[in-house]
Amino acid sequence: SVFDFVGNREVLISAHIYKPKDYGLLYIIDLQKFSKLNILKNNISKLINDDYKVNKRKYPEHEIIEVYDTKKRETLSITFIKNQMVVSYIYSLVEAAIDQYNEPYIGRNFNFIEIYKKVGTSDLFQFYVQYDYIDEYSKVYINKPNQIINEISKSLLFSGFDLDLNKNHIKAKGFTNVNETTSTYLKALQKSGKGNRTIAKVAPISTSFYLSFAFDSFTEFYKNFETIQKSDSDKYLDFIEKKETVENFLKIDFKDHFFKWIDNEIALIHLESNISKSNTDIAVVLKTNNKPNTKPNTVWKVEGMSTWNQGISFSNQINNTVNSRL
């Protein structure tokens with residue numbers, strides 16, 4: 001009844017972790033006109049039936065209206081901040097919204113403002129991600145720590161997408177800013193252009209998570225990666241030592257035997273494990289440039305990770321098995 005009274009309005013829906021392994025939703029409705037707000041605020045009791053009980057309390061000086069559903073035994077908390085109606089079944093989220101109004105954080109975060117300005121507005125909807133909490137949010141669905149998600153949480157700041165919907169698909173176009181103090185890989189990617197994404201076409205139906213990195217060429221990406229690494233001499237020396245250790249052990253040269261045939265895309269894919277339902281297999285898929293010198297024995301099965309060259313049969317690629325993490 002409340003939403004019917006409000007009518008067509010801009011609505012923000014946000015997800016928040018409010019206790020371990022559980023999240024709640026916060027709804028903020030732009031009422032636009034104060035007259036509408038006052039009518040609604042003063043007449044909520046008249047808009048609902050006998051299945052509900054209405055209570056009012058202060059937090060700290062802000063009024064919160066609590067609508068208790070006697071059948072479902074759950075409480076909807078409502079408050080009004082200027083011309084915004086703030087609603088949630090998790091009372092602590094409404095209180096947090098009041099705190100944000102008094103001492104705003106996200107609204108004054110330059111990294112968020114940068115993304116917000118680029119995304120703009122559309123007739124349908126926008127989608128935003130704050131990566132500080134993406135690892136906590138993932139724990140709702142994943143029972144153990146996920147290294148990829150943890151790295152994403154540290155490396156990225158905000159994403160914003162403008163979404164368009166038609167009968168067949170949802171199309172999202174947006175922007176992401178990167179934490180300049182963490183990820184060397186992402187900084188190298190930013191300098192390495194864009195590539196065509198085609199690996200998704202061969203991802204199995206059991207894929208639960210897909211992350212693709214595309215660039216003009218892998219050679220260019222590696223040059224940028226090395227250049228950025230050199231800015232920290234200790235990290236660069238450690239990188240060179242590990243690289244040489246693996247090359248000596250396998251009797252190969254990465255640039256000659258490995259990098260030459262990698263094309264413009266690399267993807268990480270999470271798959272359901274064939275061994276245990278509680279585990280997840282991670283596959284690294286490398287798109288090749290189909291050069292004649294590409295050889296099946298230049299790909300290895302690495303500890304805990306199946307790695308294959310797209311277009312070459314899997315059975316031919318595990319001739320050399322190395323029980324060592326590259």
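Two strands count as paired if DSSP finds at least two bridges between them. Strands (E, at least two residues) and helices (H or I, at least four) are DSSP runs, numbered from the N terminus.

## Basis

This is a predicted model, in which local features need pLDDT of at least 70, side-chain atom pairs count only at pLDDT 80 or more, and totals for chains, interfaces and linings use all residues. Residues are numbered from 1 along each chain as its sequence is written, and side-chain values use heavy atoms, with hydrogens and water left out.

Strand β8 (residues 156-165) pairs with β9 in the antiparallel sense over eight bridges. The open sheet has three strands in the order β7-β8-β9, with antiparallel pairing. Its edge strands, β7 (125-130) and β9 (170-178), each pair on one side only.

Helix α4 (residues 110-119) lies across β7, β8 and β9, at about 20 degrees to β8. Angles run from 0 to 180 degrees between N-to-C directions, and axes are lines fitted to C-alpha atoms, for helices over the stretch in contact. Helix α6 (residues 147-155) packs on the sheet and touches β8 and β9 (contact means heavy atoms within 4.5 Å); its direction makes about 100 degrees with that of β8.

## Six-stranded sheet

A six-stranded open sheet runs in the order β1-β2-β6-β5-β4-β3, with antiparallel pairing. At its edges, β1 (11-19) and β3 (52-59) each pair on one side only. Strands β4 (residues 62-69) and β5 (residues 74-81) pair over six bridges, and isoleucine 65 has isoleucine 78 in β5 as its bridge partner.
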